[in-house]
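Here is a friendly walk through one protein model, from its rings to its sheets. Keep the 3D view open as you read.

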Amino acid sequence: MKLKAVMKIYNTLTSKKEDLKIPPSGEINLFVCGPTVYDYSHIGHARTYIFFDTLVKFMRKRLSIKINYLQNITNIDDKIIKRSAEENKNPQEVADFFEKEYINDMNSLGVSAVDTYAPATNYIPEIISQVERLIKKGFAYSADGSVYFDVRKFPEYGKLSHQKIEELKEGVRVDVEVGKKFFADFALWKASKPGEPKWDSPWGEGRPGWHIEDTAITEKHFGLRYNIHGGGLDLIFPHHEAEIAQMEAISGLSPLAEVWIHTGMLLVDGEKMSKSLGNFITIREFLKENSPQVLRYMVLSQHYRTGLDFSKKTIQMASSSINRIADFKQRLKEVTAQSSHLPWEDFAKTFWHELADDFNTPKALASLFELVTETNKLIDTNNLSQSDAQKIIDFIDEVNDILNILPKEESIPPEITALAADREKARTNKDFELSDKIRNQIKELGWEVEDTPKGPRTTKL
Ligand SMILES: [Zn+2]
């Protein structure tokens, strides 16, 4: 059967931009690595999750693909245990709190495409079953109540990060634990120390390793193999490499996921964001001074695979770009002419084409701004028809339904409309003192009246 290619996407596994093919079922199973809930989420998380939110909405709404979007929540981990000890709390309490706050942050950002959030501790029997099967097949060994994956038994270890086992160097971020046969072996199950959260297992009381939770979750929801795995670039090694080793060793099938999509790093003023550098910005801090649409626009203004620089300047640029589109839309609503000479569909076509080409949002947005410039020229000379204006408005609405970058439009309350009419009357009667007074009154209520050649325009301040 010839599969229909709907868009191109870069696959880390093959290092190539490839046609994304829709399976015969017509559905795509997508898994994206979720956060470890030991602290508030930061803008680096926002970058990854806004990107996948937008990509999935594009595939669903524009390409009519059914996507099953699954994301794990790491709610058992060394970092959570450390934080709970510092705060004298129960690890589960800490994890539950930050999981809730994570969901709140995602809601604030309009990230709503995920179908299922899967907290790791809901999958302990599935995790134990995977570890048992790995031991039985000879890919894992137990030592002092812990179980490790024996990477030298899986010759393809390294295929995602494009390195060979022999070339792996000690000192890269790998688990440091006793009882391991080889430095790059990683924990599937960890014997619990006193006071740590624990579950019964065939190897004694313990807790799952980080990598095994994802494969246990995806096996339960998607089966042995699935279509797309996503996450931040920093997760390729060892995390995603370990997932491949675990699941392909169990199933004997390859690849675990056909396509691996990774988002680039977020930089703050050109530097890596870290707590030690003091440039760590949480989502809620950002949203105190900026709208979620500004963050969404910033994320989408750069290609998802490149580094995204976060600075006062890029925030400013995002904010003015958004206003430019919003003003443009407002202007389109006021168009009254009857004939047009603008091939606006060409710009729209380019826009969608760029998104279908490895989700090139910066190029797509560039074509949107070309449309703004060209259309504005026609409006200036009264050469855009009302019907074309409406079609362009519909196009912008469709774009915004996927990107969610424009400020929420608020309908003007009747009270404001009445005041604006009173002001207009005062102005016609040349009672400028009264008209200014009413304008200030309107301002105090959070609205602004602007006089344009086509009459007064009321907008939210
Ligand atoms: Zn993961």
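Over the face of which residue does arginine 305 lie, at 6.0 Å from the ring centre? That residue is tyrosine 304. Please keep in mind that this is a predicted model.

## Arginine 305 and its rings

Arginine 305 has a second ring to look at. Its charged end sits over the ring of tyrosine 10, and the distance to the centre of that ring is 4.1 Å. For tyrosine 304, the distance from arginine 305 to the ring centre is 6.0 Å.

## Aromatic pairs

In the structure there are 23 aromatic pairs. One of them is made by phenylalanine 51 and phenylalanine 52: the ring centres are 4.8 Å apart and the planes meet at 65°, so the pair counts as edge-to-face, for which the angle must be over 60 degrees. Both residues are buried, with a relative accessibility of 3% for phenylalanine 51 and 0% for phenylalanine 52.

Tryptophan 189 and tryptophan 203 form a tilted pair, with 5.9 Å from centre to centre and 55° between the planes. This pair links distant parts of the chain, as the two residues are 14 residues apart. Tryptophan 189 belongs to strand β8 (residues 186-191), while tryptophan 203 is in the loop between β8 and β9 (206-208). Are these two tryptophans buried or exposed? Tryptophan 189 has 0% relative accessibility and therefore counts as buried. Tryptophan 203, at 17%, counts as buried because the cut-off is under 20%.

## The five-stranded sheet

Next, follow the strands. An open sheet of 5 strands runs in the order β5-β4-β3-β10-β11, with parallel pairing. Strands β5 (116-119) and β11 (257-263) are at its edges; each has a single partner strand, so one side of each has no neighbour in the sheet. From one strand to the next, the twist averages 25°.

Within this sheet, 6 bridges pair strand β3 (residues 27-32) with strand β4 (residues 66-73) in the parallel sense. Isoleucine 28 stands opposite isoleucine 67, which is in β4.

Helix α1 (residues 43-62) lies across β3, β4, β10 (226-232) and β11, and runs at about 160° to β4. Helix α6 (residues 236-251) lies across β3, β10 and β11, at about 160° to β10.

## The three-stranded sheet

Another open sheet has 3 strands in the order β13-β12-β14, and its pairing is mixed. Here β13 (271-272) and β14 (308-310) are the edge strands; because each has a single partner strand, one side of each lacks a neighbour in the sheet. Strand β12 (residues 266-268) and β13 run antiparallel and are joined by 2 bridges. Leucine 267 stands opposite lysine 272 of β13. Helix α1 packs on this sheet too, touching β12 and β14, and its direction makes about 145° with that of β12.

## Serine 41

Which residues does serine 41 contact, leaving aside its neighbours within four places in sequence? They are Tyr102, Asp105, Thr282 and Ile283. Serine 41 is in the loop between β3 and α1, and with a relative accessibility of 4% it counts as buried.

Technical notes
Residues numbered from 1 in each chain as written. Predicted model: local features only at pLDDT ≥ 70, side-chain atom pairs only at ≥ 80, totals over all residues. Heavy atoms only, no water. Phe/Tyr/Trp six-rings, centres within 6.5 Å; stacked < 30°, edge-to-face > 60°. Buried < 20%, exposed > 50% of the residue type's maximum accessible area, 1.4 Å probe, protein only. Helix = DSSP H or I, 4+ residues; strand = E, 2+ residues; numbered from the N terminus. Lys NZ or Arg CZ within 6 Å of the ring centre and 35° of its normal. Pairing = 2+ DSSP bridges. Axes fitted to C-alpha atoms, helices over the stretch in contact; angles between N-to-C directions. Contact = heavy atoms within 4.5 Å.
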